[in-house]
Amino acid sequence: MIFTHDTTRLALLAALSLSYAGVCLAPWLRARAKRRTSDAARAALANSRPWLVAYASQTGNAEELATQTAQSLQLAGIPVRLCALAELTALDLHQAERALFLVSTYGEGDAPDNAAAFMGRLMTGELALPQLHYAVLALGDRSYGQFCGFGRALDAWLATQGASRLFERIEVDRSASAAIEQWFQHLSHLAGTSDAPDWSAPAFGDWKLLQRQLLNPGSAGGAIYHVELAPVAGSLPDWQSGDLVQVAAPADPSQPREYSIASIPHDGSVHLLVRQHAHPDGSLGLASGWLTAQAAVGEVVQLRLRQHKRFRLEDNAQRPLILIGNGSGIAGLRGHLKSRVLAGQRRNWLIFGERNVAHDFHYREEIERWHASGDLPRLDLAFSRDQAERTYVQDRLRGNADEVKLWLEQGAAIYICGSLAGMAGGVDQALQEILGRPALDALAAEGRYRRDVY
C-alpha cells in the first residue's frame, strides 16, 4: 500500500470520498424525507374524522358512483374513507360524523350480496347514532315491485337510530342521469361547506339589495353579476374573508343557496359574485334568477352569514399566499386579497382563469391596481379562448413549477376557489406533478392547501 503526504492529493481524495458518499447517501435521504412527509400527512389526517362513503353494489354501478363521490370530496380537501357497506362496523358508525351511502337493490327489495352481512349484523338491532349526518343514494329498477327497497330500508333504519339527513334520499331508476346529477349537485354544495351539517345557523335576516352590475356583457359564458347587500336594520355583522352567505329565494326558502363573500367588513357591505343559471327551458335558477334579475334594487333579501372555517386564512394569515381560481371563484379569492391588502401583507400570487380577457376579467381594474402597487406582485392569467390552444390555470402552474416550489419552501399556503369539475381536479393533478402526492397531502394536513370548490 502506498501512502502520501501530498496535501493536494489528500484533499482530492477526501473530496472524492465525500462526493461518493453523498451520491450513495442522497437517495436514502430523499426516501427518508418522503417517508417523513407521508407519515406527517397521515398523522394529521388521523386527527380528523373522514367522511364515510359506503357502497352496496350488485353489478358495480353503486361502487363506481361511490368512487366518483369520494374523488369529488377529496378534490375539495375533505378526508374520505371509501369502503363496501359490509366492511362497516358499529364502531365505525359511532365514530363517524358524516356518511354517504350509495346502495343498490337486488330483486324484489333485497340487499345486494355484499350488503347482506351489514343488514343482518346491524340493521336488525338498535344502534344510537345521534352524531351522524348522512345521505342515501338508492339505485333500483321501477319494473320491480319493491323499487329501491334496500335503500329505503337503510334510510329508515338510520333515521330511527337518531341520525340526521344531510338531504332527502335520492332514488335512481335504472341509472337515470337526472337523479344522479341531483346527487352530485348536493355533493358540490357539501364539498364547499363540509363543516355545515352540525353548524348552528342564525336566523335569516332582512338585507337590502344595494347594487347589481353585470360584469361580463358580451361573454360567451353565462351572465355574472356583482351584487351588494347590507342589513336593513342594525349594524353590519362581522365576518372573515373566506366566509359565505346563504340566500333564501322567495320561490323556495327551504333550500337556501350559498355564495362566497367577495368583500370584507371594511367595505361596508356584503359583495357577491353571482352567475345567472339558466335551465334548458329558459327559466332561471331560483336563487341566481332572484338575485340577478327578479329582485329590484332596494328590495329586501333574506340572508344570513355563515362561517367557512376550512377556507379562512386563520394560521396562514402571515404566510405568503398562492391564490388559484376560475370564473366566479374569484369572489372568495378577492375577499382574501382585500383582507391581505388591508393588513399590509404583500406576498400574494394570483392565478386566475376565464374565457376571454375582453369580457371575463372580473374586477380587472382592482386587480391590476393591486398588481401595480405591489400588493399583488405575482399575477398569472389564463384566458382559455384567446388563443388557438386552450390554456387553463393548471397550465400556468406547470409553467411556473420552480416558482411554486420556491414559494412553498418559503412557507406559502395555497387557496383554490372555483369549479369542482375540471378546474379543481386539473389544479390538483398539476400540483401533484410538481410536488408529489405525499408532499401535497402533507400541505393539506398542515392546513396550507385549502379549497372552496362547487
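## A buried aromatic pair

Phenylalanine 311 has a relative accessibility of 0% and therefore counts as buried (buried means under 20% relative accessible area, exposed over 50%, partly exposed in between, with a 1.4 Å probe and protein chains only). Tyrosine 415, also at 0% relative accessibility, counts as buried. The model is a predicted one, in which local features need pLDDT of at least 70, side-chain atom pairs count only at pLDDT 80 or more, and totals for chains, interfaces and linings use all residues. Residues are numbered from 1 along each chain as its sequence is written, and side-chain values use heavy atoms, with hydrogens and water left out.

The model has 6 aromatic pairs (rings of Phe, Tyr and Trp, the last by its six-membered ring, pair if their centres lie within 6.5 Å; planes under 30 degrees apart count as stacked, over 60 as edge-to-face and the rest as tilted). One of them joins phenylalanine 311 and tyrosine 415, edge-to-face, at 5.3 Å centre to centre and 70° between the planes. This pair links distant parts of the chain, 104 residues apart: phenylalanine 311 is in the loop between β12 and β13, and tyrosine 415 is in strand β16. Helices (H or I, at least four residues) and strands (E, at least two) are DSSP runs, numbered from the N terminus.

## The parallel sheet

Strand β16 belongs to an open sheet of 5 strands with parallel pairing, in the order β15-β14-β13-β16-β17 (two strands pair if DSSP finds at least two bridges between them). β15 (378-383) and β17 (449-453) are the edge strands, and each pairs on one side only. From one strand to the next the twist averages 10° (axes are lines fitted to C-alpha atoms, for helices over the stretch in contact, and angles run from 0 to 180 degrees between N-to-C directions). β13 (residues 321-326) and β16 (residues 413-418) pair over 5 bridges in the parallel sense, and isoleucine 322 has isoleucine 414 of β16 as its bridge partner. Helix α13 (residues 420-435) packs on this sheet, where it touches β13, β16 and β17, and its direction makes about 160° with that of β16. Contact here means heavy atoms within 4.5 Å.

In β17, 5 of 5 residues are buried.

Phenylalanine 352 is in strand β14 (residues 348-354) and phenylalanine 383 in strand β15, so the pair ties together parts 31 residues apart in sequence. Phenylalanine 352 is buried at a relative accessible area of 0%, and phenylalanine 383 counts as buried at 7%. Phe352, Phe361 and Phe383 make up one aromatic cluster.

Two arginines lie over ring faces (NZ of Lys or CZ of Arg is within 6 Å of the ring centre and within 35 degrees of the ring normal). Arginine 347 lies over tryptophan 407, at 4.3 Å from the ring centre. Arginine 451 lies over tyrosine 449, at 4.0 Å from the ring centre.

## The antiparallel sheet

An open sheet of 6 strands with antiparallel pairing has the order β10-β9-β12-β7-β8-β11. β10 (257-260) and β11 (270-275) are at its edges with a single partner strand each, so one side of each has no neighbour in the sheet. The twist from one strand to the next averages 40°. β9 (residues 244-248) pairs with β10 in the antiparallel sense over 4 bridges, and serine 260 in β10 is the bridge partner of leucine 244.

Helix α7 (residues 286-294) packs on this sheet, touching β7 (205-214), β8 (224-231), β9, β10, β11 and β12 (300-306), with its direction at about 65° to that of β7. Helix α8 (residues 330-343) lies across β8, β10 and β11 and runs at about 155° to β11.

## Nonpolar cores

The largest nonpolar core has 54 residues, of which Leu100, Trp183, Ile324 and Leu397 touch the most other members (a nonpolar core is a set of buried Ala, Val, Leu, Ile, Met, Phe, Trp, Tyr and Cys residues joined through side-chain atoms within 4.5 Å). Leaving aside residues up to four places away in sequence, leucine 397 touches Ile324, Ile351, Val404, Val427, Ala430, Leu431 and Ile434. Another core lies apart from it and has 29 residues, among them Leu52, Leu132, Leu154 and Ala163.
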